[in-house]
Amino acid sequence: MGIISLFTSCFVGKSKKIEPAAGNAPTNSIYDISIKTLDGTSDIKLSEFKGKYLVIVNTASECGYTYQYKDLQEFYAKYKDSNVVVLGCPCNQFGGQEPGTVAEIGSFCQKNYGVTFPLTEKIDVKGDKQHPLYQWLTQKVKNGAGDFEVKWNFNKFIISPDGRLVQYFGSAVKPGDAEFLASVKK
């Protein structure tokens, strides 16, 4: 296996459509979860997004995939008035690629990509300090759909309007890709 193939399989992944087996209902609702805004001044209650597709992405400002902020913003701008919300979750767990302060992250996203979709506090998406949102996204016992490992920045999880985890995309899948767009039925 070449180095590029190894990188792709280890870090960026492709996608996984999730078909929950009968009887595997989530033990928790994603709508019971709250997460702080980037500046930490208020909570984002995921229950506010009932009835909408929710695209949750772990982000980083110094990653080879950082350009996807532009793609995510374009996607959000196009569909925000319909039934789609993008939620960016800054994370510094992959190569130290999100080292900035809250102010630096917010400024970077606004100045370079015009980001208007909600950004959360900087969180851990794996490990002992994994945020409850990512516990729900990655643990079958909580989400009822499957176990997943966030392997790099810009992994994307799609939540249906009724609160089910329905699709997982690795870093290499862009928000404008046909497969991604098909998973979020507008």
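I looked up Phe 154 and found it buried, since its relative accessible area is 0%, where buried means under 20% relative accessible area, exposed over 50% and partly exposed in between, with a 1.4 Å probe and protein chains only. I note that this is a predicted model, in which local features need pLDDT of at least 70 and side-chain atom pairs count only at pLDDT 80 or more, while totals for chains, interfaces and linings use all residues. Residues are numbered from 1 along each chain as its sequence is written, and side-chain values use heavy atoms, with hydrogens and water left out.

Tyr 69 is likewise buried, with a relative accessible area of 0%.

**Aromatic pairs.** I searched the whole structure and found 13 aromatic pairs, taking rings of Phe, Tyr and Trp (its six-membered ring) as paired if their centres lie within 6.5 Å, and calling planes under 30 degrees apart stacked, over 60 edge-to-face and the rest tilted. Tyr 65 counts as buried at 14% relative accessibility, whereas Tyr 67, at 34%, counts as partly exposed. The rings of Tyr 69 and Phe 154 have centres 5.5 Å apart and planes at 90°, so this pair is edge-to-face. I placed Tyr 69 in helix H2 and Phe 154 in the loop between helix H5 (140-143) and strand E6 (156-159), so that the pair links distant parts of the chain, 85 residues apart. Helices (H or I, at least four residues) and strands (E, at least two) are DSSP runs, numbered from the N terminus. I also found that Tyr 69, Phe 108, Tyr 113 and Phe 154 form one aromatic cluster.

**H2 against H3.** I then checked helix H2 (residues 68-79) and helix H3 (residues 102-113), whose axes come within 10 Å and cross at roughly 75°; axes are lines fitted to C-alpha atoms, for helices over the stretch in contact, with angles from 0 to 180 degrees between N-to-C directions. H2 is therefore roughly perpendicular to H3, a label for angles of 65 to 115 degrees, with under 35 roughly parallel, over 145 roughly antiparallel and the rest oblique. Tyr 69, Lys 70 and Gln 73 in H2 meet Phe 108, Cys 109 and Tyr 113 in H3, contact meaning heavy atoms within 4.5 Å.

**Whole chain.** I recorded six helices and seven strands for the protein chain, and 47% of its 186 residues count as buried.
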